[in-house]
Amino acid sequence: MWNGNEATAMRDIEFQAGTLPGRAVIAVRGPEAGHFLHNLLTADIDRLAEGEAAYAALLTPQGKILFDMLVLRGADSYLIDCAAGQRADLLKRLSMYKLRAKVEIAARDDLAAGASPIELAGGYRDPRSPGIGWRVIGAPQAEARGYDAARIAAGLADSEADLGSGEFFPHEANLDQLGGVNFRKGCYVGQEVVSRMEHRGTARSRILPVTVDGTMPPKGTEIRAGEKQVGTLLSSAGQKALALIRLDRLADATAPLVADGATVTVKKPAWATYEVPGAA
């Protein structure tokens, strides 16, 4: 069930269904496909029923996100919705871990990943948040419109526009809040670091939605409160953006937040269970 904030955000954005050109598809099939992915990724892949999807990531041994993705269990394979610009590297990494596992891993150029604000036939609800609607993997269609504005308003980071590869811990990218990490499953790459951050509560930085009053500064611009840096701007759409925010410095801020002369207001996403000091 959507809450009021999520529904209002979706109504205020012209998000139209279609293919997401920045996404690509990988198929993993074979008798050990589910077990193979379950042992690598942060999410619980073993429990997925046909037609269900999980948000997941493949991490470095040091616990940072190499690739985040959506994993859909199909009738005869698992379909991975990943960043198009990262697909070749993800294929190489999965093949490196394959060893003797009875799996086949291949790019599916005949398939495209798409999104919609409303339910689609053959689609599945985006597992990250009900506020971002539905996803689908199928034949390419007309390009989706307004998706980036919708995901930024919902506080959801993009694989390439925000996260990159090897830069963020799962907690910083909110995978712990968005169902992207299962803390009760067995070992996966980078698990020790992620589990330690969870149990010690040491995630000081989070990617959060912000609004900017003034000209939107470019990605990478520092957000400051007086002389102290509080965060860094990431992707943006209109007057809304995502930013990596240091929560402890946000709590201590006594001056307005400013990025290149523009006033910044931090928002708390509808799905966040952690405290965001002074959030609107």
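**Note on the cavities and cores**

1. By class, the lining of the largest cavity in this predicted model comprises five nonpolar, one polar and five charged residues, where Ala, Val, Leu, Ile, Met, Phe, Trp, Tyr, Cys and Pro count as nonpolar, Asp, Glu, Lys and Arg as charged, and the others, Gly among them, as polar. A cavity here is a set of points, on a 1 Å grid over the protein atoms alone, where a 1.4 Å probe fits but cannot get out, and its lining residues have an atom within 4 Å of a point.

2. The largest cavity has a volume of about 100 Å³, taken as the space filled by probe spheres set on the points, which are joined across faces, edges and corners. Its lining includes Arg 23, Asp 68, Arg 128, Arg 135 and Asp 158, together with Tyr 55 and Ala 157.

3. The second largest cavity holds about 40 Å³, and among the residues that line it are Tyr 55, Arg 128, Ala 157, Ala 173 and Asn 174. Its lining has five nonpolar, two polar and one charged residues.

4. The largest nonpolar core, with 57 residues, has Ile 207 and Leu 257 among those with the most contacts inside it; such a core is a set of buried (under 20% relative accessible area, 1.4 Å probe, protein chains only) Ala, Val, Leu, Ile, Met, Phe, Trp, Tyr and Cys residues joined through side-chain atoms within 4.5 Å. Apart from this core lies another, of 27 residues, including Leu 40 and Val 71.

5. Residues are numbered from 1 along each chain as its sequence is written. Local features need pLDDT of at least 70, side-chain atom pairs count only at pLDDT 80 or more, and totals for chains, interfaces and linings use all residues, while side-chain values use heavy atoms, with hydrogens and water left out.

Note on methods: Buried means under 20% relative accessible area, exposed over 50%, partly exposed in between (1.4 Å probe, protein chains only). On a 1 Å grid over the protein atoms alone, a cavity is a set of points where a 1.4 Å probe fits but cannot get out, and a pocket is an open set with protein on both sides within 12 Å along at least five of seven lines; lining residues have an atom within 4 Å of a point.
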